[in-house]
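Subject: Structure for your review

Dear colleague,

Please find below the structure that I am handing over to you. I would be grateful if you could read the notes that follow with the structure open beside them.

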Amino acid sequence: MACERKLVESEATTGFFVLLGTKGKKETLEWCMKANLIASHYECPKCKKNMRLLERKGTVDGYEWRCRNQSKDNRHDVVRSVRKGTWFSESKLAITIFLRLTRYWFGKSMNAFVVNDLKVNKNTVVDWYMFCREVCMLACVKE
Ligand SMILES: [Zn+2]
């Protein structure tokens with residue numbers, strides 16, 4: 001199938017997935033930005049400057065967009081999740097989990113194996129597998 005071939009051809013992608021378990025949160029986010037899975041920059045709605053990606057302990061992604069301005073005329077402190085407006089925005093699971101789910105789907109791994117390996121709910125696996133199938137089908141139909 002055309003989509004499958006395209007995925008395999010991308011060596012950078014394959015290499016990344018193999019090493020996924022060893023990647024830090026920052027590296028994972030940067031990869032997602034390069035792959036256009038999440039936005040690579042955000043404009044602050046208050047001052048129109050680019051927001052900064054800052055480390056934030058205790059959040060599932062480890063980082064978030066922030067713009068803090070202390071000046072008197074435009075004082076604000078805007079915080080934005082890195083996954084806002086993405087496929088992951090409704091979920092509490094780490095993005096790494098979704099990437100690994102996708103990898104397992106691509107390798108046709110059995111649901112029970114994935115549930116055990118990633119320690120996720122069976123419904124999460126079923127839903128994400130279905131989602132992957134839809135995305136791939138749409139891509140094929142478009143070609
Ligand atoms: Zn701002």
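The notes below describe the sheet and then the nonpolar core.

Please bear in mind that this is a predicted model.

The sheet

Three strands make up an open sheet, arranged in the order S1-S2-S3 with antiparallel pairing. Strand S1 (52-55) and S3 are the edge strands, each of which pairs on one side only. On average, neighbouring strands of this sheet are turned by 40° against each other, direction ignored.

S2 and strand S3, the latter covering residues 76-81, are paired in the antiparallel sense over six bridges.

The nonpolar core

The largest nonpolar core contains 17 residues, of which Ile 95, Phe 98 and Leu 101 touch the most other members. Two or more residues of this core are given by each of helix H3 (25-34), strand S2 (63-69), helix H4 (95-106) and helix H6 (122-142). H4 provides the largest share, with five residues.

Which residues does Leu 101 touch, if those up to four places away in sequence are not counted? They are Val 114, Leu 118, Val 125 and Trp 128.

With kind regards

Methods
Residues numbered from 1 in each chain as written. Predicted model: local features only at pLDDT ≥ 70, side-chain atom pairs only at ≥ 80, totals over all residues. Core = buried A, V, L, I, M, F, W, Y, C linked by C-beta atoms within 7 Å. Buried ≥ 20, exposed ≤ 12 C-beta atoms within 10 Å, placed from the backbone. Helix = DSSP H or I, 4+ residues; strand = E, 2+ residues; numbered from the N terminus. Contact = placed C-beta atoms within 7 Å. Pairing = 2+ DSSP bridges. Axes fitted to C-alpha atoms, helices over the stretch in contact; angles between N-to-C directions.
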